[in-house]
Amino acid sequence: MTALSGEKFDLLVIGGGITGCGVARDAAMRGLKVALVERDDFASGTSGRSSRLVHGGIRYLEHGQLHLVYESLRERQTLLRIAPHLVKPLAFTWPVYRDARIGKMRLSAGLVAYYVLAGGRSRLHSILNVRETLEREPSLEGTGLTGGAVYYDACTDDARLTVANAVAAQQNGAAVVSHTRVTGILRDHGKAVGASTKSQYSEKTDEIRARVIVNATGVWTNEFTTDERARRHRGSKGAHIGVPRDRIGNRDAITLISPIDGRVMFCLPAGPQSIIGTTDTWTDESPETVHASPSDVDYLLRSANAYFPRAQLKRGDVVSAWAGIRPLASGAASNPTAVSREHSIVTDGSGVVNVMGGKLTTYRSMAAEIVDTVQHALGEDPDRSPTDSVELPGADRASEIARLQRDDATLSEPLAAGLPYTGAHLVYGVTREMAQDLSDLLVRRVHLAFETPDHGASIAARAADIVAPLLGWDDQTKSARVREFKQDVGRMFAIG
């Protein structure tokens with residue numbers, strides 16, 4: 001933090017989720033002097049607890065949100081181009097059953113609209129008969145099946161997509177710090193001129209001065225504004241569960257309509273797991289402690305079992321369950337599913353630019369609009385955002401990890417049986433992806449915490465031994481970091 005004090009930045013971004021990291025990257029690439037401060041780790045909030053999809057949002061067509069679908073489809077293609085190492089095409093099968101809320105004719109019309117809104121830049125969907133549907137996904141319930149469709153979207157590693165934007169911002173000259181809390185906004189005659197900060201680990205306090213501040217803290221927005229137009233009133237909770245993929249047997253992604261409430265949801269391939277989600281319910285839970293409830297888990301299990309009767313999933317099959325809070329721009333509707341996922345940008349009376357809402361998929365275009373607002377506040381004509389034409393960093397990750405394993409054979413040993421993660425992944429996370437503690441590494445740089453029943457607790461001490469020399473940890477610090485990690489995953493993956 002020493003490098004941040006005594007300097008004056010054009011822009012201070014508070015919040016290192018996908019929006020804040022995207023803003024920092026965009027602004028730095030436009031030549032602004034940028035500082036980004038994150039209280040925990042990049043993507044430690046909602047951005048790292050998504051369905052890991054980069055998609056147009058076909059279900060938004062139901063609510064007439066054509067602009068959002070168009071923007072999302074455009075951004076999906078952009079991210080496939082600038083981050084091919086992080087965003088991958090994914091096929092979705094949508095089975096249709098007798099008396100379904102969305103029948104084959106309606107589904108076909110929706111997919112035609114989806115293709116048209118993509119401007120022909122998407123792979124064309126196919127309508128399937130019963131035999132073709134079951135050939136694609138044999139584990140589906142056959143009784144009452146009338147056919148289906150296959151269409152194409154994309155998936156991502158949400159946390160590492162966020163981190164890649166933070167790294168890119170740093171590579172373009174931004175000062176980027178995590179595990180540093182903004183404790184207050186500094187004001188001069190009512191105008192916001194900076195922020196006071198406190199480091200999580202050193203407890204060092206500092207002040208950062210900036211000409212413009214962007215509040216990109218999502219569900220924490222209320223901590224930094226008193227303007228009612230910018231305050232978050234309610235959040236929508238989205239819960240997921242991960243179960244062994246061989247228990248379900250899905251080959252690709254499957255779009256489901258919950259028989260409980262008619263919500264569109266997904267069964268998604270994720271390495272050794274199938275991720276089932278998501279719920280969508282208003283919540284007043286704290287973002288620090290939000291987790292899946294027993295009713296969330298039961299809802300997801302019952303919904304999945306209706307489509308995969310041979311699985312007969314039970315609570316004991318759940319390897320992990322987690323939840324995040326969507327920072328929706330509006331909290332007025334009785335049903336959060338009907339609320340638009342579009343964003344809002346509000347400059348409050350002190351000049352702080354507050355952003356709410358938005359989707360993971362549209363983060364890049366949202367960031368471009370925010371930086372336009374920042375440049376206007378600086379008295380500049382906005383430059384064209386360059387972020388749609390420059391590849392995100394990290395494409396060399398696999399080759400760098402392989403090199404680390406060749407250079408030190410001990411780093412090639414698996415961290416957990418049956419999973420692809422090794423000590424080299426942790427070293428890379430520290431040296432190239434700004435990880436500072438075990439949660440950064442085992443929850444977000446790799447997904448080991450999601451994919452083991454104990455959420456990585458049994459290998460935490462070994463992981464600490466591997467990265468301690470890089471992070472300067474002595475034995476006492478290693479023990480503290482292991483204890484903190486176990487508490488962290490205990491909160492995140494609790495069902496209760």
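In which sense do strand β3 and β6 pair, and over how many bridges? The two strands pair in the antiparallel sense, over two bridges. Please keep in mind that this is a predicted model.

## Strand β6 and its cover

Let us begin with the strand itself. β6 spans residues 145–156, and ten of its twelve residues are buried, so that the strand is mostly covered by the definition of under 20% relative accessible area.

## The partners of β6

β3, made of residues 53–54, is one of the strands paired with β6. Here Leu53 has Cys155 of β6 as its bridge partner.

β4 (residues 87–97) also runs antiparallel to β6, with eleven bridges between them. Within β4's range, Val87 stands opposite Thr156 of β6. Another antiparallel pairing joins β6 to β5 (residues 126–128), this time over three bridges. In that pairing, Leu128 has Gly148 as its bridge partner in β6.

## The second largest pocket

Now turn to the second largest pocket, which has a volume of about 510 Å³. Its lining counts 23 residues, and those nearest the centre are Thr156, Asp157, Ala270, Gly271 and His447.

By type, the lining holds ten nonpolar, six polar and seven charged residues.

Terms used
Residues numbered from 1 in each chain as written. Predicted model: local features only at pLDDT ≥ 70, side-chain atom pairs only at ≥ 80, totals over all residues. Heavy atoms only, no water. Buried < 20%, exposed > 50% of the residue type's maximum accessible area, 1.4 Å probe, protein only. Helix = DSSP H or I, 4+ residues; strand = E, 2+ residues; numbered from the N terminus. Pairing = 2+ DSSP bridges. 1 Å grid on protein atoms, 1.4 Å probe; cavity = no way out; pocket = protein on both sides within 12 Å on 5 of 7 lines; lining within 4 Å. Points joined across faces, edges and corners; volume = space filled by probe spheres on them. Nonpolar A, V, L, I, M, F, W, Y, C, P; charged D, E, K, R; others polar.
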